[in-house]
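I opened this entry to keep a record of what I looked up, item by item, with the cut-offs beside the terms they belong to.

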Amino acid sequence: MSSTSRPTRLIVGISGASGAIYGVRLLELLRPTPIETHLVMTPSAEVTLAHETDYRAQEVRALADVCYSSKDIGASISSGSFRTLGMVVAPCSVRSMSDMATGSTSTLLTRAADVVMKEQRRLVLMVRETPLHRNHLRNMTSLAEMGVIIAPPVPAFYARPDSLMAMVDHSLGRVLDLFDIDLGVVSRWKDDSAP
């Protein structure tokens, strides 16, 4: 990659929130593309993965181009000089989101997110929690004021999804839209009044 070319690396974080399939499916969708995926998965994410899916952590790691331990604070993705398109945390737990909002960088996932923020790259958090109390909302506001995109995975029923995976793919497609990546998984709104 030349110094003037656009980076083709995307950091994918998977935290312990419910919805581990979002991170797994994101890696599956990006696998056949030229985008290099850099995965960091928290220990809680591995527990959630086992409860919610038939995937093993090793299988998920195999979907990424590069994997890191959440304890490896010295990994390449913890440095601003390591150029990326940004980072998606899918799903993002409230704990991870709160750490990011307060600048706590005790894990590689939150450190990598902090680096993405300081370098003013795109950080998208697929926050999975409901209902939200006031402090959750304050942390979201704080992050949004720093340029972070809060993108809870909300199904788009206008697309008339016929399966859970169709809803997952649509949500991920909308997140990838934020990086100008179109993999053809989004059912686009059609304006019937257009000529």
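Is R160 exposed or buried? I found R160 exposed, because its relative accessible area is 73%, where exposed means over 50% relative accessible area, buried under 20% and partly exposed in between, with a 1.4 Å probe and protein chains only.

Before going on I noted the ground rules: this is a predicted model, in which local features need pLDDT of at least 70 and side-chain atom pairs count only at pLDDT 80 or more, while totals for chains, interfaces and linings use all residues. Residues are numbered from 1 along each chain as its sequence is written, and side-chain values use heavy atoms, with hydrogens and water left out.

**Backbone entries**

I then looked at the backbone of R160, which has a positive phi of about 50° although it is not a glycine. R160 lies in the loop between β6 (149-150) and α7, where helices (H or I, at least four residues) and strands (E, at least two) are DSSP runs numbered from the N terminus. A positive phi turned up also at D180, near 60° and again in a residue other than glycine; D180 sits in the segment after α7 and counts as exposed because its relative accessibility is 69%.

I checked the peptide bonds next. The bond from A90 to P91 is cis, with omega near -5°, and P91 is found in strand β4. The bond from T130 to P131 is cis as well, with omega near -10°, and P131 is found in the loop between β5 and α6.

**Core entries**

For the interior I looked up the nonpolar cores, each a set of buried Ala, Val, Leu, Ile, Met, Phe, Trp, Tyr and Cys residues joined through side-chain atoms within 4.5 Å. The largest has 32 residues, and those with the most contacts inside it are L10, I14, L27, V60 and V88. At least two residues of this core come from each of β1 (9-14), α1 (20-30), β2 (36-41), α2 (43-52), α3 (57-63), β4 (86-92), β5 (122-127) and α7 (164-177). The most is given by α1, with eight residues. Another core, of 25 residues, lies apart from it and includes Y68, L108, M117 and V148.

**Helix entries**

How do α1 and α7 pack, and at what angle? I read an angle of about 70° with the axes 10 Å apart, the axes being lines fitted to C-alpha atoms, for helices over the stretch in contact, and the angles running from 0 to 180 degrees between N-to-C directions. α1 is therefore roughly perpendicular to α7, since angles of 65 to 115 degrees count as such, under 35 as roughly parallel, over 145 as roughly antiparallel and the rest as oblique. The contact is made by I21, Y22, R25, L26, L29 and L30 of α1 and M165, V168, D169, S171, L172 and L176 of α7.

I looked at M167 separately, a residue of helix α7 that counts as partly exposed because its relative accessibility is 23%. M167 touches P155, F157 and P161, residues up to four places away in sequence not being counted, and its C-alpha atom is separated by 23 Å from that of R122, 45 residues apart along the chain.

With helix α5 (residues 108-118), the axis of α4 comes within 10 Å and crosses at roughly 45°, so α4 and α5 are oblique to each other. In that contact S96, D99 and M100 of α4 meet L109, T110, A113 and M117 of α5.

How values were computed: Contact means heavy atoms within 4.5 Å.
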